[in-house]
Number of protein chains: 2
Amino acid sequence: MDDFELFGNIEQGKNFIESMKSKRFLFSFVISYTETCEIPGITFAGADRDSIQFTPPADAEYLHYGYCKTIDKIPMTPDGKPTPGLLTKTALESASIPHLTINAGSKISPQLPFVDTGMSFGKNISTEDAMTDSQVSHAVDYGRIVGRSMASLTDCLIIGESIPGGTTTSLAVLKALGYDAKVSSSIPNNPTELKNKIVTSALERIDSDHPYSIVAKVGDPMIPFVAGMLSSASSVSNVMLAGGTQMAAVLAFAAKIGFNEENTAIGTTSYITNDKSANFTSLVSKIADIPAISINPNLENSQHTGLKAFSEGFAKEGVGAGGSIISSMIKTGNDSTNFLEIAEKEYRRLFTLL
Amino acid sequence: MDDFELFGNIEQGKNFIESMKSKRFLFSFVISYTETCEIPGITFAGADRDSIQFTPPADAEYLHYGYCKTIDKIPMTPDGKPTPGLLTKTALESASIPHLTINAGSKISPQLPFVDTGMSFGKNISTEDAMTDSQVSHAVDYGRIVGRSMASLTDCLIIGESIPGGTTTSLAVLKALGYDAKVSSSIPNNPTELKNKIVTSALERIDSDHPYSIVAKVGDPMIPFVAGMLSSASSVSNVMLAGGTQMAAVLAFAAKIGFNEENTAIGTTSYITNDKSANFTSLVSKIADIPAISINPNLENSQHTGLKAFSEGFAKEGVGAGGSIISSMIKTGNDSTNFLEIAEKEYRRLFTLL
């Protein structure tokens, strides 16, 4: 797999890639929400501020139907750059990897069958606690149940997420747990200053070093839920955390509640691992002794500006794109040239559709 | 498998049993509700009239946790006979068969992660239409989506249901679709007269022979949803409809929307196939060319009156008990003697627990 770059526990990463060839994969798509994303300038996930809340359910609908139901178009940036879900959908379909949607605190429910967890969205951490401690316990407990069920149905459970503004809450959780984190963003000129201002004010509310209390005060619902999934799923099957900074925050919290490192890998795009404004790979190796697998989908070679954009730093990751591409290549043996071809086909389908 | 009795397409039934040995099974538990069950004397599912609505979510919670959250005890008859879910739970656990709960119109949501379908409960068919035509379309569409997803994760999808009063709506649908059905009941002295009175008045509202319209007027939400599951799942994997009369109604409606008979079997208990007040096996063979597999769990040999009761006609079937026992025996090679042993162990655990 020449398209992959390995970091962290490289030996385990090689074994994972080898042992998963033509095995069964299942993609679980966790949608959630934090009101932190409503702070102007914090995210590009959604054409405008009001539409941000529709992005997670719309991503779920696009993955499933190939079009959205809660909004007219597919999620895209103000200037029409498509959701990274395009890469996820292409990857999953090309490898016939089934997927399930889990609502872990999305403000809006998707218009398709989904796993309900009874969770509510997170509050804006710049002004108040994200959740109560008992909401965090509920998220972990339900995450454990869902993770166990889904892992029992596959050889490798891929976990992706969609939570606008999630890199900011992840930054806060990582710092509160003692990691010197610099996080990526869906915006090329990462609004680092704004994020740090929000995080600093949020961290002031922390009055306990108990991980549940930390996530309750400065995190978001996705983090404890996916950490719960990881903790149970990694004892049953392999788990691929599909994402960048946000999955690093999941990993940091999961390290506190316990999970099986030997069955866990994190997969993302080279746009995250090469992001100079962040420190993803060194961060991951500080948190856990697991492999980080990075894929370069070579989108800079695309004839379509909307796909090129990913390689230029727009929406570097999301909807589990990186981990899905990696998983699909492991399962099918496809390389990034095959992948670019089918991604461009999907891109053309979408933009003639719209 | 000497404990099995085969009806209908016996050859296909033998092949199914042979080919599924030590294969992967997945149990999907569909909970729903029809206000028809609120008619006094129609069902025994629940200790009293008000508690009936809690029976489907409580069954789901018992299957998952081993105890209930929405009610204090486990679902049982007024005189303390336990839910057939006891048989289902014993069967699934003894064979390590995973399960997922699907809410297809339950009045109360279970306190565990479940698949949400956005469906609402059915109305009392003795006084009004159960659903609108568009609610039936929604049920079929969502059933198709869920069936396809779940079937892609297993070799055999078992479908069980819990909908109090469902035998009456099933009787109405079967008669409206032209079958001379006599249905079983959870009560030894099947209140046939009452059921027929309700069905007759319901049938008077039928003004179209379109199957969607028929189910909308005299059916319940479970029937079109499970029929949708069957239609898509049977094109992907094997499907075991786990139940009696209600699954016959599902089969009759599914025959109208189309499904793959070659991958479909119906599994139930001998308490249904031997029920003189009903005509289950001949009914099934009239509807479709599939095997009906019947299991006699030999509960009359139990030292516990609560388990003996099943063999005496109380709650003959439900929560997919029959199909689950059959599936677990096919997977593990256990016979009914092994099964009775572990069922009695679970019974003792429950009644020391309560």
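In this predicted model, B:Asn238 touches B:Phe16, B:Met20, B:Asp155, B:Cys156, B:Leu157 and B:Asn263, leaving aside residues up to four places away in sequence. B:Asn238 belongs to strand β6 of chain B, which covers residues 238–242. Its relative accessible area is 17%. Since the cut-off for a buried residue is under 20%, B:Asn238 counts as buried.

Helix α6 of chain B runs over residues 192–203 and has 12 residues. From its first C-alpha to its last it reaches 16 Å, close to the 16 Å expected at 1.5 Å a residue.

How many of the 12 residues of α13(B) are buried? The count is 10, so α13(B) is largely enclosed by the rest of the structure. The buried residues are B:Ala321, B:Gly322, B:Gly323, B:Ser324, B:Ile325, B:Ile326, B:Ser327, B:Ser328, B:Met329 and B:Ile330. After α13(B) comes B:Gly333, with a positive phi near 80°.

The next topic is how helices pack. Two packed helices are described by the angle between their axes and the distance between the axes. In chain B, helix α9 (residues 245–257) and helix α11 (residues 280–287) have axes that come within 10 Å and cross at roughly 10°. Angles under 35 degrees count as roughly parallel, and α9(B) and α11(B) are therefore roughly parallel to each other. On the α9(B) side the contact involves B:Thr245, B:Ala248, B:Leu251, B:Ala252 and B:Ala255, which meet B:Phe280, B:Leu283, B:Val284 and B:Ile287 in α11(B). By class, the residues of this contact are eight nonpolar, one polar and no charged.

A second pair is found in chain A. Helix α7 (residues 211–218) and helix α9 (residues 245–257) of chain A pack at an angle of about 150°, with their axes 10 Å apart. Angles over 145 degrees count as roughly antiparallel, and α7(A) and α9(A) are therefore roughly antiparallel to each other. Here A:Pro211, A:Tyr212 and A:Val215 in α7(A) meet A:Phe253, A:Lys256 and A:Ile257 in α9(A). The contact of α7(A) with α9(A) has five nonpolar residues, no polar residues and one charged residue.

Finally, chain A as a whole. Its secondary structure comes to 14 helices and eight strands. Along the principal axes, the C-alpha atoms of chain A fill a box of roughly 50 × 40 × 40 Å. Of the 354 residues in chain A, 65% are buried. Among contacts in chain A between residues at least 6 apart in sequence, 83% join residues at least 24 apart.

Notes
Residues are numbered from 1 along each chain as its sequence is written. Chains are lettered from A and ligands numbered from 1 in the order in which they are written. This is a predicted model: local features need pLDDT of at least 70, side-chain atom pairs count only at pLDDT 80 or more; totals for chains, interfaces and linings use all residues. Side-chain values use heavy atoms; hydrogens and water are left out. Helices (H or I, at least four residues) and strands (E, at least two) are DSSP runs, numbered from the N terminus. The expected span of a helix is 1.5 Å times one less than its number of residues. Axes are lines fitted to C-alpha atoms, for helices over the stretch in contact, and angles run from 0 to 180 degrees between N-to-C directions. Angles under 35 degrees count as roughly parallel, over 145 as roughly antiparallel, 65 to 115 as roughly perpendicular and the rest as oblique. Contact means heavy atoms within 4.5 Å. Ala, Val, Leu, Ile, Met, Phe, Trp, Tyr, Cys and Pro count as nonpolar, Asp, Glu, Lys and Arg as charged, and the others, Gly among them, as polar. Buried means under 20% relative accessible area, exposed over 50%, partly exposed in between (1.4 Å probe, protein chains only).
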